Amino acid sequence: MAMPAPTIAVGASCCLLLIVSCAPPPSEAPAGPTTAPRSAPVERTVTVTTDEAPPIGIATAGTVCGGSLFAVDPRHAAVHEIRLSDGVRVRTFGGHGDAPESLASPETAAVDCEQHALHVKDSRGLAQFDLETGTLVRRTAPAPGQFGVSLGWSFVHNRSLVLSGYWSQSPGDLADRALENALLGFSLGSRVDLSGDNARRPLLDLMSPACRQMGGDCFSTAALDLLPSGGWVGCQGHADHVGIYGDDGALLRTIDIRSPRFQNDGTVARGSASREARLRWQQRNSVVRSCFAFGEHIVTVHYTFTGEGGTPETGGAVPDVLMNVHHLDGTPVALDLSLRDMPVAKDATGLYVLVLGDARRTGGASRLELDVVRVIDETGALNTGSLP
């Protein structure tokens, strides 16, 4: 009997794990720049405020358009439009309920600025909103048998919606898969044709079908971005490499993104375990959250959990988030630059980091901070604040 699609808990690990020392010892990380701990270069910090309900919960993804950040908030089944000039939350799309415009566990969103459209992927399929009026334009349900989780940055390219995450047309039985083949038959990312039949198709080859955790965590992180010179970059949560792909989605080569603070204790997670065991595993092991292309550079974001309270289920676990920068040829440029939280969106030159703070442990917050991290300048040169 096929297992239902795993439920992904927001902002943290969500599956039942049993820590078993059965993996080979981790190999040595490649040599690279070694410096004292440093922060990523923050260009400015914006105070985000919300005068009315709902507050902002744990944002998993976002998109930027026209001076606004659209932050996806699964906890409140909403997408918040935040004005970047002053941080005011000016509008909310979706919300809980049975109305057609409501959302169910939204995962990711992308704005088509030219078409004034906001596309939201949730557990019921795809919803398209009109940016000018805020109204729902249409909703498309997934085809029978499809399975996909799309946590991460997504975008519109050539009249297609490009979704991060894993996806399969016919996932089959997921319940008893071995860790080494947990992702067999899945693609890295998918593409939805917005100009035709809205069909969803695979995008990139997997780098590896293996996971170090079974269950929902295996599917929780898979990210991609478009390379400026053509082709793609893609990453998987449990891999220590990023992939460089051709225009057709074929894997061309990989870049080793390990760094001094990228952790792998050689254990894997099987079966079931206590909440504490699940948290402890991710305190000892790094997981890749996202990867981005900026000119001739690749940025990879990875994290572990700190010991500061909470559980993977509640989202109270606090991530220790780090950023690595590599040249497209694989040369490490800057390693383990600290971020105050997970990036939720990007533009042509930088990342947007929504600092959640106590919102992780509560029902949300009416006041947050947003760091704008400038990775490259307008000429494509790396921000000197990133260099050792």
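**Entry 1: ground rules**

I count two strands as paired if DSSP finds at least two bridges between them. Strands (E, at least two residues) and helices (H or I, at least four) are DSSP runs, numbered from the N terminus. The model is predicted, so I note that local features need pLDDT of at least 70 and side-chain atom pairs count only at pLDDT 80 or more, while totals for chains, interfaces and linings use all residues. Residues are numbered from 1 along each chain as its sequence is written, and side-chain values use heavy atoms, with hydrogens and water left out.

**Entry 2: overall tally**

Of its 388 residues, 55% count as buried; buried means under 20% relative accessible area, exposed means over 50%, and partly exposed lies in between (1.4 Å probe, protein chains only). I also looked up contacts, meaning heavy atoms within 4.5 Å. Among contacts with a separation of 6 or more, 58% are between residues 24 or more positions apart.

**Entry 3: β5, β6 and β7**

I started with β5 (residues 68–73). β5 runs antiparallel to β6, and six bridges join them. V72 has V79 of β6 as its bridge partner. The two strands make a hairpin with four residues between them, and A77 in the turn has a positive phi of about 50°.

Next I followed β6 (residues 78–83), where five of six residues are buried. β6 pairs with β7 over five bridges, again in the antiparallel sense. What is the bridge partner of V79 in β7? I get F93. This second hairpin has five residues between the strands, and G87 takes a positive phi near 80°.

**Entry 4: F70 and F93**

I count seven aromatic pairs in the structure. Rings of Phe, Tyr and Trp (its six-membered ring) pair if their centres lie within 6.5 Å; planes under 30 degrees apart are stacked, over 60 edge-to-face, and the rest tilted. Why is the F70–F93 pair called tilted? The ring centres are 6.3 Å apart and the planes stand at 50°, so the pair is tilted. F70 is in β5 and F93 in β7, 23 residues apart, so I log this as a link between distant parts of the chain.

**Entry 5: the β8-β9-β10-β11 sheet**

I see four strands forming an open sheet in that order, with antiparallel pairing. The edges are β8 (108–112) and β11 (136–140), each pairing on one side only. Neighbouring strands are turned by 15° against each other on average, direction ignored; axes are lines fitted to C-alpha atoms (for helices over the stretch in contact), and angles run from 0 to 180 degrees between N-to-C directions.

β8 pairs with β9 (residues 117–122) over five bridges. A110 stands opposite H119, and V111 is bridged to L118. Four residues separate the strands in this hairpin, where H116 takes a positive phi near 55°.

**Entry 6: cores**

I looked for nonpolar cores, sets of buried Ala, Val, Leu, Ile, Met, Phe, Trp, Tyr and Cys residues joined through side-chain atoms within 4.5 Å. The largest has 70 residues, and F219, V299 and L354 have the most contacts inside it. Its largest share, five residues, comes from β27 (residues 350–355). Apart from this core lies another of 15 residues, among them V72, A77, V79 and L118.

I then listed what V299 touches beyond four places in sequence: S290, C291, F292, F294, M323, N324, V325, L351 and V375. F292 and F294 also turn up in a ring cluster with W153, F155 and W232. The charged end of K346 sits over the F294 ring, 4.3 Å from its centre; the cut-off is NZ of Lys or CZ of Arg within 6 Å of the ring centre and within 35 degrees of the ring normal.

**Entry 7: N158**

Last, I looked up N158, in the loop between β13 (155–157) and β14 (160–168). N158 is exposed, at 62% relative accessible area. L194 is 36 residues away from N158 in sequence, with 9.1 Å from C-alpha to C-alpha.
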